[in-house]
Amino acid sequence: MSKKRNKPLRAKEPAAARRTSRIGWIVAGAVALAGAVVVARFRSSPALSQAAATDPATATAAAGSDFGPTIPNNTPRPSPAPEGMVWIPGGEFSMGSDDSGESLCGLPGVTRDAQPVHRVYVDAFWMDKTEVSNEQFEKFVKTTGYISVAERAPTKEEFPTAPPENLIAGSTVFAPTPGPVSLNNYFQWWTYVPGANWRHPAGPDSDIKGREKYPVVQVCYPDAVAYAKWAGKRLPTEAEWEFAARGGRSGEIYCWGNQLKPGGKWMANIYEGQFPVKDTGEDGFAGIAPVAQFPPNGYGLYDMAGNVWEWCSDWYRVDTYARLKLTDGVARNPRGPDSPYDPAEPAEKKRVHRGGSFLCTDQYCTRYMVGTRGKGEQTTASNHLGFRCVKVPESGKSPTAKNNLSATD
């Protein structure tokens, strides 16, 4: 593929490059997937005052909290539990982020799409205790014959201007740079790799043998939806995901509290070392990790921060939280806007990502912090993007969409 045909994406793009950009790069000769630009936020809680004594950033966070208490439901837990799932009681909580985490990331101004903090209620549900693994996804594929989006070659009908030789199945893959680089051009570490898919996460020379317990990656939104439907489940809404990730805590910085390494112990698989040159693996893993290698949160969920990004069912809008706040009440079971809108790329159909990944770092992306958001074009996959599912009780109903937001309001 001719390098001179490359056409870079916007350097500001804070989430994943799209499948359309995947194809745009097929047309151009390469693709990129941004590892991110949204930082996090804190809030004040009783535990925050002690943390503030040793952490100036935490002290700043404690100065003005928009967070109220989490009020869990008293809904009795049904029995038996679905295999591999944990009970999330639901209830009312404060959702979102604010500016007080800006100092924790090398790229400022990146919490705005997670503001303002607002009150939300969600019904109770079951949630996968881990991200969906390679062996689970492989069972689905063997049973159904499903072919993932990354395994399908783009067609001339889809992309009439693409040269035939560029219509090759593949996906986006991270590769470290040989030395320090400016972080305003993610094409330096993201590449479109023909033959990359869930079976071959880093390209045709890679495979998942011996990695059955690792999260499945290189799955785009339709792939995740297809698996969830087969499993009798669905993808979580963004509100459900954040309620579950907080584990009953109110506004903590992380899923486990206010310190990144409580007692010097790593709590998530994130990036250590100079990004994007070398992940030193100080947390025990250089790159992706098997599921459930770190302590669970308060609800028994593993890897709600780091390891791989997770798809949510909501369309992404930069102003979703601001629009919910205008309702001046508690949003009940919000399911997101009825259409997407990202002002940086208004034509792209993006869904919400949550949780951050093994590539998140305070130098570039701190979205392993629980209140922050990610986004990605719904037909784009990468080797740091996976998912987990939820299920409502047998006698329950799907969340009522009382607080859907119309893009035309």
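Reader: How many aromatic pairs does the count come to?

Author: The count comes to 23 aromatic pairs. Rings of Phe, Tyr and Trp (its six-membered ring) pair if their centres lie within 6.5 Å; planes under 30 degrees apart count as stacked, over 60 as edge-to-face and the rest as tilted.

Reader: Are Tyr271 and Phe275 buried or exposed?

Author: Both Tyr271 and Phe275 are buried. Buried means under 20% relative accessible area, exposed over 50%, and partly exposed in between (1.4 Å probe, protein chains only).

Reader: Where do these values come from?

Author: This is a predicted model, in which local features need pLDDT of at least 70 and side-chain atom pairs count only at pLDDT 80 or more, while totals for chains, interfaces and linings use all residues. Residues are numbered from 1 along each chain as its sequence is written, and side-chain values use heavy atoms, with hydrogens and water left out.

Reader: Which residues form one aromatic cluster?

Author: The cluster is formed by Phe137, Phe140, Tyr146, Trp198, Tyr227, Trp230 and Phe387.

Reader: And which charged end sits over the ring of Tyr121?

Author: That is the charged end of Arg332, 4.0 Å from the ring centre of Tyr121. A charge sits over a ring if NZ of Lys or CZ of Arg is within 6 Å of the ring centre and within 35 degrees of the ring normal. Arg211 is placed over the ring of Tyr214 in this sense, with its charged end 4.2 Å from the centre.

Reader: Let us turn to salt bridges. How many does the structure hold?

Author: The structure holds 16 salt bridges, a salt bridge being a side-chain nitrogen of Lys or Arg within 4 Å of a carboxyl oxygen of Asp or Glu. In one of them, Glu238 meets Arg354 at 3.0 Å, N to O. Glu238 belongs to helix H6 (residues 238–246) and Arg354 to strand E10 (residues 350–354), 116 residues apart. Helices (H or I, at least four residues) and strands (E, at least two) are DSSP runs, numbered from the N terminus.

Reader: How buried are Glu238 and Arg354?

Author: Glu238 counts as buried at 2% relative accessibility, and Arg354 is buried with a relative accessible area of 0%.

Reader: What else does Glu238 form a salt bridge with?

Author: Glu238 also forms a salt bridge with Arg373, the closest N and O atoms being 2.8 Å apart. Arg373 lies in the loop between E10 and E11 and Glu238 in helix H6, so this pair ties together parts that are 135 residues apart in sequence. Salt bridges that share partners join Glu238, Glu242, Arg246, Arg354 and Arg373 into one network.

Reader: Now the strands, please. Why is strand E3 described as largely enclosed?

Author: Strand E3 (residues 91–95) is largely enclosed by the rest of the structure because four of its five residues are buried. E3 pairs with strand E4 (residues 118–122) in the antiparallel sense over five bridges; two strands pair if DSSP finds at least two bridges between them. Within this pairing, Met95 has His118 in E4 as its bridge partner. Strand E1 (residues 71–72) is joined to E3 by two bridges and runs antiparallel to E3.

Reader: What is the order of the open sheet of four strands?

Author: The order is E11-E10-E8-E12, with mixed pairing. Its edge strands, E11 (374–377) and E12 (385–386), each pair on one side only. Strand E8 (residues 309–315) and E12 pair in the parallel sense over two bridges.
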